[in-house]
Every structure is written in C-alpha cells, then in structure tokens.
Amino acid sequence: MKRALITGITGQDGSYLAKLLLHKGYEVFGITREIKPEKSGYERLAWHGIENLVNLIEGSIEDLSTLIRIIDETCPDEVYNLASYSSVGSSWRQPILTGHVTGLGAVNILEAIRNSNSGVRFYQASSSEMFGLVKLPIQAEDTPFHPRSPYAAAKLYAHSMTVNYRESFGMFACSGILFNHESPLRGIEFVTRKVTDAVARIKLGQQNEVKLGNIDVRRDWGHAKDYVEAMWLMLQQENPEDYVIATGRSTTVREMCQIAFSYVGLNSDDHIVIDPQLYRPADVDMMMGDPVKAKKKLGWEAKISLEEMICEMIDYDLERVSKKLT
C-alpha cells in the first residue's frame with residue numbers, strides 16, 4: 001500500500017485529492033493546523049464522506065522541525081503540497097504572511113524531504129497567476145513569468161525552489177502550473193463561488209444583487225476533480241517535470257455570470273453591480289493555458305465543462321441556502 005502525505009488536505013483540492021488517492025488504495029495522511037474533536041467538523045472531507053478514512057496530523061508547513069518529524073513518522077511515498085495562503089485579493093492585505101506560508105512553506109517541505117534521505121516524490125501546487133502580465137495569448141510551460149500580486153510572487157518563489165531542488169539534489173520534485181479550478185467546495189471569497197452563492201440567494205429571494213470588480217478579465221476555468229488527477233499522474237512518471245494544467249478555453253467573468261444566472265432563469269445584467277473598491281491594485285487581464293504537454297505525456301485532459309461545473313456549484317448552493325431558510 002502506497003502512502004501519501006497531503007498538506008492543505010482540508011481545502012478544496014486536498015479533499016478531492018484525498019478521495020482520489022483513497023480510491024486508488026493509498027493510505028492517506030494530511031496535515032492540518034488543529035485536530036478538531038469531531039471529524040465532521042472538516043466540512044470538505046465530510047462532504048466527500050472520507051473524514052474517517054484519512055489520518056490527520058496536527059502541524060504547519062511554517063515549522064520545519066514539525067515537518068521533519070511528520071515525514072519521519074509517516075514515511076510517505078508521495079508528498080503533495082497544496083497548502084498556501086491562497087486568496088490573490090487578500091494577499092495584498094497580508095503580503096508577508098502570504099510569503100511565509102505560500103513561499104517559504106514549500107521550501108520547508110523540500111528541506112524536510114531532503115533531510116529524510118528517502119525517495120519521496122514531491123508535488124508543488126504552482127499557479128497560473130505566476131504568468132501575470134502575459135505577452136502571449138496562451139500560456140505554456142516555457143512562457144515567461146511576470147507575477148502581479150504577492151500571492152503570485154510567493155508561488156513563483158516556491159515554484160523556482162522546486163526546480164532548484166530537483167536540479168541541485170536530484171529530487172523527484174515537480175510542479176503543476178494549475179489554471180483556475182473550481183467546485184462546490186471552492187471558498188466563498190473566490191469569484192466563481194461568490195457568483196454561484198449569490199445566484200442561489202437571489203433566486204431564493206434572500207438578496208437582489210452581487211457586487212463584483214472587473215468582470216471583463218478572462219480566465220481559464222476547470223474542475224478541481226479533473227485537476228487533482230493530473231497531480232497524481234505527474235508523480236507516476238519516470239522523470240519529474242513541470243506541467244501546465246488547463247482547459248485551453250478562456251472565458252470572461254461577465255460570460256461566467258451569464259451562464260450562472262441563466263441556469264436559474266435570471267438575467268445577470270439585472271443583478272450585477274460593479275464596485276470599484278473590488279478592483280485589484282494590479283490585475284491580470286487574460287489567462288488561458290496550453291495543456292498540450294499534459295495531454296501528450298500524462299494522457300490528461302479536462303473532462304468537466306465550465307457549464308457543467310457552474311451548474312453543479314449552483315445546485316449545491318441552492319440546496320445549502322434552502323436548508324438554512326427552513
């Protein structure tokens with residue numbers, strides 16, 4: 001039985017990945033900042049029905065000594081670093097914390113693995129936000145990086161250090177440069193979930209509008225369920241490499257809103273209010289990934305469409321909001 005250690009296991013990606021690995025017969029360990037007395041308190045794990053099937057360990061990726069101990073105790077075959085301070089908008093308000101967790105946290109894990117003198121395979125969750133101020137209409141593995149937020153800069157540091165540890169110490173360390181990926185378990189602070197939650201509340205008469213910033217930016221949106229499969233595939237290869245994981249389709253926030261509102265029979269123009277306060281200090285106008293390498297070498301491609309994903313998220317939010325009203 002293979003063993004996997006996941007940081008950020010209680011998040012969206014962590015819970016989807018844990019479910020995938022359990023299905024493949026892995027023993028799964030996950031790091032969390034605190035152990036809750038009731039396993040059902042881990043909402044995302046509980047939603048998947050796996051809260052009692054994973055082994056949770058208290059710790060933080062900011063603490064190197066703890067990571068060394070955890071790796072020594074769990075002896076994982078694979079380590080997936082999905083933990084980060086992951087809100088782009090919030091990273092402007094807490095840039096130093098973002099750097100410590102998202103950037104240095106990844107290096108702590110790399111050091112802990114190197115210290116173990118084992119053949120652990122390491123996956124780093126990199127981000128399309130690293131491309132930032134793009135000069136090409138589609139972004140691939142060799143596209144230059146130009147981060148436009150503290151979050152993106154911290155991710156780029158972690159990504160670069162992963163490459164350095166691979167090249168300097170011969171570690172099996174790779175990064176997935178993931179474009180936006182969503183699900184019903186996405187945090188409410190992210191625009192897709194903010195919209196689907198608002199659509200549900202508007203449909204159920206709980207509010208009448210949703211405030212958004214720049215709705216003309218374009219993003220490449222996929223489903224987290226598809227993307228965690230790509231993470232696993234990267235660690236099954238003979239050699240460690242970095243891969244762009246994306247759908248190859250770009251959609252504006254405005255168009256995403258139209259899909260969401262039309263699903264429940266509403267006109268998005270009647271309910272969207274543009275709030276200048278929600279504009280970022282420096283935004284990324286256009287993002288679209290080139291998944292050719294992932295398809296060729298991993299045999300991976302996105303299966304769930306944007307429309308299917310948005311409808312799934314709205315159904316989830318309609319049910320959730322309805323339960324609170326009864």
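**Helices and sheet in turn**

Modeller: In this predicted model, helix H6 is followed by Gly 170, a residue whose phi is positive, near 70°.

Biologist: How many Å does H6 reach from its first C-alpha to its last?

Modeller: Helix H6 covers residues 150-169 and has 20 residues. At 1.5 Å a residue, a span of 28 Å is expected, and the helix comes close to that, since from the first C-alpha to the last it reaches 28 Å.

Biologist: Are H5 and H6 roughly parallel or roughly antiparallel to each other?

Modeller: The axes of helix H5, residues 95-116, and helix H6 come within 8 Å and cross at roughly 15°. Angles under 35 degrees count as roughly parallel, and therefore the relation of H5 to H6 is roughly parallel.

Biologist: Is the crossing of H5 and H6 left-handed or right-handed, and how many charged residues does their contact have?

Modeller: The crossing of these two helices, H5 and H6, is right-handed. Among the residues that make the contact are Glu 111 and Arg 114 of H5, together with Lys 155 of H6. By class, the contact of H5 with H6 has 13 nonpolar and five polar residues, and its charged residues number three.

Biologist: Why is H3 described as oblique to H5, and what is the handedness of their crossing?

Modeller: Helix H3, residues 64-74, packs on H5 with the axes 9 Å apart and at an angle of about 45°, which makes H3 oblique to H5. The contact involves Leu 64, Leu 67, Ile 68 and Ile 71 of H3, and on the side of H5 it includes Ile 109 and Ile 113. By class, this contact of H3 with H5 has seven nonpolar, three polar and one charged residues. The crossing of H3 and H5 is right-handed.

Biologist: How many nonpolar residues are there in the contact of H7 with H9?

Modeller: Helix H7, residues 191-203, and helix H9, residues 253-263, have axes that come within 10 Å and cross at roughly 30°. The contact is made by Val 191, Thr 192, Val 195, Val 199 and Ile 202 of H7 with Val 253, Met 256, Cys 257, Ala 260 and Phe 261 of H9. One residue of this contact is polar and none is charged, while the nonpolar residues number nine.

Biologist: Turning to the sheet, which strands stand at the edges?

Modeller: Seven strands form an open sheet with parallel pairing, in the order E3-E2-E1-E4-E5-E6-E11, and the twist averages 25° from one strand to the next. Each edge strand has a single partner strand, so one side of it is left without a neighbour in the sheet, and these edge strands are E3 (55-58) and E11 (243-245).

Biologist: Which residue of E6 stands opposite Tyr 123?

Modeller: Strand E5, residues 121-127, and strand E6, residues 172-178, pair in the parallel sense over seven bridges. In E6, the residue opposite Tyr 123 is Cys 174.

Technical notes
Residues numbered from 1 in each chain as written. Predicted model: local features only at pLDDT ≥ 70, side-chain atom pairs only at ≥ 80, totals over all residues. Heavy atoms only, no water. Axes fitted to C-alpha atoms, helices over the stretch in contact; angles between N-to-C directions. Helix = DSSP H or I, 4+ residues; strand = E, 2+ residues; numbered from the N terminus. Contact = heavy atoms within 4.5 Å. Nonpolar A, V, L, I, M, F, W, Y, C, P; charged D, E, K, R; others polar. Parallel < 35°, antiparallel > 145°, perpendicular 65-115°, else oblique. Left-handed = near helix turned anticlockwise from the far one by under 90°. Expected span 1.5 Å × (residues − 1). Pairing = 2+ DSSP bridges.
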